[in-house]
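Please keep the sequence and the structure in view while reading the points below.

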Amino acid sequence: MVKIVFILFYFTIFLNANSIYENNCVSCHKKLPVSIDKYFYRYLLKYSSERSVKEAMATYLNNPTKETTIMPEAFIKRFGVKKATTLNNSDLTKALDIYWDKYKVFGKLE
């Protein structure tokens, strides 16, 4: 019985974390002509490591500016700078962890 409760608890936490990413990131990016993975690869090319990418993304998402964006100037002129995230730090960290795991290339190349 304890195993079942533990599995259900873990499954609920996993689904809740995924919904943070799906509801707060993917839902808005579906409306843009640039897919969400393109942002990831731009960050990865500029910042390289997992820690640096996540820090840069969190910094930008909390306080987006033209100076800190990784998008080209033409993109910003057309779509503008996004609004700051409404996620708290814990949820933003969870969303970035899911984003990183979904698109990271480390360990996936053979």
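Phe40 and Tyr99 are both buried in this predicted model. Their rings form an edge-to-face pair, with 5.4 Å from centre to centre and 90° between the planes. Because Phe40 belongs to helix α2 (residues 36–47) and Tyr99 to helix α5 (residues 89–103), the pair ties together parts that are 59 residues apart in sequence.

**Other aromatic pairs**

- The structure holds 10 aromatic pairs, and ring pairs link Tyr21, Phe40, Tyr41, Tyr99, Trp100 and Tyr103 into a cluster.
- Phe75 and Phe79 form a tilted pair, for which the ring centres are 4.8 Å apart and the planes stand at 45° to each other.
- Both Phe75 and Phe79 lie in helix α4 (residues 73–79), where four residues, or about one turn of the helix, separate them.
- Phe75 counts as buried at 12% relative accessibility, whereas Phe79, at 33%, counts as partly exposed.

**Cysteines**

- The count of disulfides comes to zero, and Cys25 is accordingly in no disulfide, the nearest cysteine sulfur being that of Cys28 at 8.3 Å.
- Because a disulfide requires two cysteine sulfur atoms within 2.5 Å, the 8.3 Å between the sulfur of Cys28 and that of Cys25, its nearest, leaves Cys28 in no disulfide.
- Cys25 counts as buried, with a relative accessibility of 18%, while Cys28 is partly exposed, with a relative accessible area of 44%.

Conventions. Residues numbered from 1 in each chain as written. Predicted model: local features only at pLDDT ≥ 70, side-chain atom pairs only at ≥ 80, totals over all residues. Heavy atoms only, no water. Buried < 20%, exposed > 50% of the residue type's maximum accessible area, 1.4 Å probe, protein only. Phe/Tyr/Trp six-rings, centres within 6.5 Å; stacked < 30°, edge-to-face > 60°. Helix = DSSP H or I, 4+ residues; strand = E, 2+ residues; numbered from the N terminus.
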